[in-house]
Amino acid sequence: MLIKLTGGTVYDPASGIDGQVKTLFVLDGKFINQPPAEMPIDKEYDLKGKVVMAGAIDMHTHIGGGKGNIARMLIPEDHRKDPVYRSDITRSGCGHAMPSSFTAGYRYAEMGYTAGFEPAILPVNARQAHMEMADIPILDKGGYVMLGSDDYLLRMLTAKKDQKAINDYVAWTMNAAKAIGVKVVNPGGINAFKFNQRQLDLDEKNAHYNVTPREILQVLATAVKEIGVKHPLHVHGCNLGVPGNVETTIDTMQGIGGLPMHLTHIQFHSYGTEGDFKFSSGGAAIAEAINKNKNITADVGQILFGQTITASGDNMRQHANHGFANPNKWVCMDIECDAGCGVVPFKYRDQNFVNALQWAIGLEIFLLVDDPWCVFLTTDHPNGAPFTTYPHLIRLLMDKSFRNDMLATIHPEAQKMTTLASIDREYSLQEIAILTRAGAAKLIGLDDRGSLGEGAWADITVYTENTDREKMFEKPDYVFKDGELVVVDGKVVHTTWGTTHIVTPEWDNSVEKSLEKYFDRFMTMKLGNFKMSNDEITEDGRGSLTAHSLNSIS
Amino acid sequence: MTEITEVPSPFCGIGADDLSVQVDGNSVKVTANGCTVNTPAFEQSITDTSARVNGEEVSLGLAIAKAADLLRASNQPIMGGCASDVNGMRGVMAVADKAGAVVDNMNFTGARRNFLALQDTGWMNTTLAEIKNRCDYLLVVGVDLEGFSPRFFERYLWNKESMFLDDTSNREIVYLGKAPSGNASTSPAGVSAKVLECADANLPEVMAVLRALVKNKKIVAESVCGIAVSELQTIAEQLKATKYSVVTWAAGALNFDQAELTVQMLSEMVKDLNTVDTRSSGFPLGGKEGDQTANQVCGWISAYPARAKFSAGYPEYDPFLFDSAVMLENGEADALCWVQAFNIASVPPKTDVPTIVVARSGMVFDKEPDVFIPVGTPGIDHAGHAYRLDSVVAIRLKKLRHSGLPSTAEVLNAIEQAL
């Protein structure tokens with residue numbers, strides 16, 4: 001199948017193309033520069049005057065795993081507001097804050113997204129994460145496996161096991177859970193909560209293991225680098241949501257000693273303690289620290305006003321925040337000596353001082369980080385807002401007057417506490433393409449996605465130029481997945497099944513000896529039954545695995 | 001003959017995965033780590049291998065076509081039972097979406113007590129490995145735990161070693177309501193559980209007093225439903241003094257009106273305990289006949305637990321109105337597809353509406369259904385996934401023999417295609 005996409009205005013930062021008119025060719029799902037002369041074109045799309053980008057990639061979105069399903073069960077009243085009808089080609093479901101799996105796939109695709117990555121796969125819950133994601137149509141998917149509060153790692157640290165042993169354990173776990181990255185959530189804090197510790201600062205010791213979050217970050221960031229995984233350690237830091245945590249966050253960045261590290265939903269970690277309400281913006285300080293430390297990247301975790309639900313592995317902080325639950329119901333779980341989770345519904349309100357300032361802090365960070373390759377567009381779906389708010393967020397970034405109009409409507413004291421009004425920056429289309437495509441693919445370590453260049457898989461989104469960027473980005477003209485047309489005029493016209501992106505770093509098999517002993521002594525399943533096999537993803541005939549390259553290990 | 005070890009069980013709910021079985025043709029024998037729940041379930045022999053329509057043996061294709069005809073002719077079909085593995089439940093969801101059916105898991109009326117509490121106020125819960133390694137005090141409310149799960153104590157409480165307890169035999173076990181049926185709860189050191197018995201129907205009152213005592217409320221009465229308040233006061237103090245208490249219950253066993261309020265009472269008590277400088281967690285028992293699997297899969301595909309209706313073209317959830325037993329009784333449904341891949345004793349409810357049964361080989365009927373399609377059992381005849389009771393761990397079920405029986409998913413997906 002040869003497809004010709006004629007005359008679109010192309011934004012492809014991965015190939016260094018910034019708004020040039022260019023014709024693209026897709027042969028059997030992948031881009032080629034020039035088709036062989038005699039080959040007939042099966043289908044041509046006239047894209048003159050249209051904006052062409054790669055399919056967008058959400059590098060941090062809670063779309064698969066137990067806590068998401070708890071979130072779904074918890075809020076039937078939210079689903080009732082957004083029923084999704086079945087059609088001849090699509091399944092029924094529910095939308096809004098925590099959509100059903102099929103609906104999530106359709107809605108992402110209808111906004112031009114072709115991949116999403118679950119950032120918090122508990123090793124023991126990996127099957128669920130992958131099974132849920134297997135029921136998300138169209139999108140490619142993948143995830144980051146959570147370590148850092150698991151008793152096995154903490155026992156290793158207490159026993160002063162060497163870095164090599166930790167590297168083997170991390171690589172083994174990534175393979176067992178079918179992951180493409182490693183995440184740490186409130187390093188050691190989820191574990192400390194089980195020992196009744198209610199907070200854990202960067203240098204505070206876990207009461208049982210005598211290990212600090214800083215030490216956990218150090219060994220895990222080192223492991224990720226040394227086993228060659230391209231996605232840097234994905235860090236949900238200490239003290240989420242705590243006023244004054246900006247200091248902790250900057251300390252976390254500087255303390256990692258130049259190792260690659262990604263700080264996620266950094267907005268929730270950028271709070272000062274100034275002002276009448278002892279809550280202030282650390283946005284500028286955080287952006288400055290990102291600008292200075294070239295080893296650091298961050299996604300924002302922007303909040304947007306309205307009802308949502310927060311689902312996090314950080315049960316220590318979620319428990320501390322349960323008083324804000326709206327509606328007033330919430331769940332916390334301790335999970336399998338592995339991790340935990342907390343699910344708390346939230347309603348962010350523009351007339352609430354704290355929520356209003358959170359909104360401004362996120363935008364400050366977006367606008368004050370110089371290098372668009374170091375910052376990523378997320379709402380930490382559904383925690384800051386549902387992913388369906390992305391077009392609105394893009395407009396806030398691209399349209400200063402719109403942004404200032406919105407700013408003028410929020411809590412007046414919050415307006416006084418932000419420099420947002422004085423920031424003139426407006427994101428360009430190329431910069432948006434970096435945040436949501438090329439940069440995300442590079443950060444995750446996807447070899448052949450997020451680009452319109454030769455050899456890349458043809459995930460393509462075509463938009464009609466519109467000065468109202470929200471309107472433009474919420475309804476693409478066309479979306480192609482692996483070269484197949486899946487969306488026309490913002491509606492799914494055809495469904496496909498994406499692949500699961502993983503990496504397969506190597507480990508020394510002797511790691512299983514001590515793991516097997518540990519599982520037999522303390523766990524509730526056999527080691528052999530814990531590890532996921534490839535067939536679990538591929539045996540239904542829909543799923544597939546795509547292993548990406550690693551950095552060469554010196 | 002082959003010997004297979006580390007076999008996970010989808011039957012007991014607690015995810016026992018250390019069974020050994022001997023397979024000889026279609027015969028399976030549990031040779032190690034069986035129990036009164038798992039052994040008969042694994043050893044159940046295959047009797048039916050052919051599908052039937054109106055009692056006559058037919059090809060699988062014909063039975064599938066007939067099933068599709070019955071569903072197509074129905075205005076409000078029900079997908080009942082919903083007892084299978086993850087792929088089987090995916091098949092249930094696909095058929096329900098296309099046929100506009102009600103999906104209703106057979107254990108939902110019991111589980112509803114939990115869902116109502118969850119959806120009103122939530123809870124703080126834990127999972128099996130945390131119990132095994134941390135639990136120093138177990139309060140069992142209204143259930144005979146060893147009757148529910150014969151190996152619970154052996155696997156998760158009287159384990160020799162734990163990471164955080166010096167001596168697991170020092171764990172304290174207290175029963176409130178039902179007394180245990182045997183001695184599994186007696187510690188290896190010979191200490192028997194404390195039992196404070198009351199009738200099930202008195203549990204709301206007893207739990208309310210216990211929570212009040214945890215919250216330091218003054219109770220004037222000296223006894224409540226036959227239990228001395230001083231005994232409850234001791235429990236309240238112990239719950240606060242221990243490091244990681246666990247309160248367990250089985251929603252299905254709380255068989256009295258508005259039992260969801262008792263689930264809520266104990267869940268809120270657990271939350272209270274976590275505000276008085278200790279940790280405590282709830283632990284709901286369940287996970288049998290694929291009930292957690294049904295709720296999980298229905299959860300991610302529809303966003304609701306497994307009592308949902310699809311006849312409007314989108315999923316709707318009502319834990320009372322879509323009770324299939326009530327719907328059948330009231331004439332609100334006109335076809336039933338009963339899915340039960342685990343248990344031949346779990347037959348469809350008596351009804352006059354056209355009935356399709358997709359069930360484990362060997363099911364015997366008082367009244368022959370219009371269509372019967374025998375299917376393989378997940379974890380015996382085909383690989384698959386099943387959730388254990390804590391809803392967190394999906395165990396990977398193994399294929400033990402080549403019986404040639406189709407899986408639930410194969411049959412239901414074929415029906416969906418034929419619709």
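**Notebook: chains A and B and how they meet**

I began at the interface of chain A and chain B, where I found 47 residue pairs in polar contact, both residues at pLDDT 80 or more. A polar contact here is a pair of N or O atoms within 3.5 Å; within protein, one must be able to donate a hydrogen and the other to accept it, and residues adjacent in sequence count only if both atoms are side-chain atoms.

Strand S18 (residues 330-335) of chain A gives the most to the side of chain A that touches chain B, with six residues. Strands, E runs of at least two residues, and helices, H or I runs of at least four, come from DSSP and are numbered from the N terminus. I sorted that side of chain A by class: 25 residues are nonpolar, 17 polar and 21 charged. Nonpolar means Ala, Val, Leu, Ile, Met, Phe, Trp, Tyr, Cys and Pro; charged means Asp, Glu, Lys and Arg; the others, Gly among them, are polar.

A note on the source: this is a predicted model, where local features need pLDDT of at least 70, side-chain atom pairs count only at pLDDT 80 or more, and totals for chains, interfaces and linings use all residues. Residues are numbered from 1 along each chain as its sequence is written, chains are lettered from A and ligands numbered from 1 in the order in which they are written, and side-chain values use heavy atoms, with hydrogens and water left out.

**Interface, continued**

I looked up the extent of the contact. It takes 63 residues from chain A and 66 from chain B, with contact meaning heavy atoms within 4.5 Å. The two chains bury about 5500 Å² between them, 52% of it on carbon and sulfur atoms. Buried area is the accessible area (1.4 Å probe) that two parts lose on being put together, summed over both. A:Met73, A:Met131 and A:Thr524 supply 13% of the area that chain A buries against chain B, more than any other three residues.

Next I checked charges. The interface of chain A and chain B holds ten salt bridges, each a side-chain nitrogen of Lys or Arg within 4 Å of a carboxyl oxygen of Asp or Glu. I looked at A:Lys194 and B:Glu130, which meet at 2.5 Å, N to O.

I then followed S18(A) across to chain B. It pairs with strand S8 (residues 122-125) of chain B in the parallel sense, over four bridges. Two strands pair if DSSP finds at least two bridges between them. A:Cys332 has B:Met124 in S8(B) as its bridge partner.

**Inside chain A**

A:Lys329 forms a salt bridge with A:Glu77 at 3.0 Å, N to O. A:Lys329 sits in the loop between helix H11 (315-320) and S18 of chain A, and A:Glu77 in helix H2 (residues 76-80), 252 residues apart.

**Inside chain B**

Twelve residues of domain 1 are in contact with eleven of domain 2. Between them the domains bury about 960 Å², 64% of it on carbon and sulfur atoms. In domain 1, B:Phe320, B:Leu389 and B:Asp390 lose the most area to domain 2, together 43% of what that side buries.

Last, I traced a sheet. Nine strands of chain B form an open, mixed sheet in the order S5-S4-S20-S19-S18-S6-S7-S16-S17. S5 (56-58) and S17 (316-317) are the edge strands.
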